[in-house]
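Hello,

Here is the structure I promised to pass on. Please open it, then read the notes below alongside it.

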Amino acid sequence: MIVVQDDFVVDHAETVPSRSEHPHGLRTINTIANGWDCLKVEGDIFAIDIPSLSAAANHAFLKRPVRLVVDLTAVVVCREEGIGWLREISHRVGRRGGELVVAVSTDAPFQQLLEYEGVATIDGSQLTRLLSDDPTARCG
């Protein structure tokens, strides 16, 4: 993993983006918004990405309760291993009594597969409302 930028600027006691770029083009951005740990993923998800994605998501498990958003709205391809990673993240969050929100674009070909696997999804507009603390956007 190649770290491109680490910005830890305090704004209303919240952390601003920490960005990581991976060798074949996948990017992850970690932020905190309204009490949610947010992991934005940009690019396509392949098996080789799973260890770095897990590391990027682990920050959320340091807190109780776990409140994690995985933003896949900028992902077009999510291979089987990526679906498995999201299923495992969902189980980990559930075991800790937390909340997980997975956002996908409305035309993401893997959305139905995620929901079949028991990983509920929302679209980008619902994510915007959730992170702005709009109670009508809550998942689940």
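A polar contact is a pair of N or O atoms within 3.5 Å; within protein, one must be able to donate a hydrogen and the other to accept it. Keep that in mind for what follows. Note too that this is a predicted model.

Start with T121. It lies in strand β9, residues 121-122. Buried means under 20% relative accessible area. T121 has 12%, so it counts as buried. Its side chain makes a polar contact of 3.1 Å with the side chain of Q111. A second polar contact, of 2.5 Å, links the side chains of T121 and E115. Leave aside neighbours within four places in sequence, and T121 touches V102, V104, Q111, L114 and E115.

Next, helix α1, which spans residues 50-57. Its buried residues are I50, S52, L53, A56 and A57. Why do they sit on the same side of α1? They cover an arc of only 165° around the axis, and that puts them there. As background, an α-helix has 3.6 residues a turn, so residues three or four places apart point the same way. What covers the buried residues of α1? Among the elements that do so are β5 (27-33), β6 (36-42) and α2 (80-95).

Last, S132. This residue is in the segment after α4 (124-131). A polar atom of the S132 side chain lies 2.9 Å from the backbone oxygen of R129. S132 and A33 are 99 residues apart along the chain, yet their C-alpha atoms are separated by 7.9 Å.

Best wishes

How values were computed
Residues numbered from 1 in each chain as written. Predicted model: local features only at pLDDT ≥ 70, side-chain atom pairs only at ≥ 80, totals over all residues. Heavy atoms only, no water. Buried < 20%, exposed > 50% of the residue type's maximum accessible area, 1.4 Å probe, protein only. Helix = DSSP H or I, 4+ residues; strand = E, 2+ residues; numbered from the N terminus. Arc of directions from axis to C-beta. Contact = heavy atoms within 4.5 Å.
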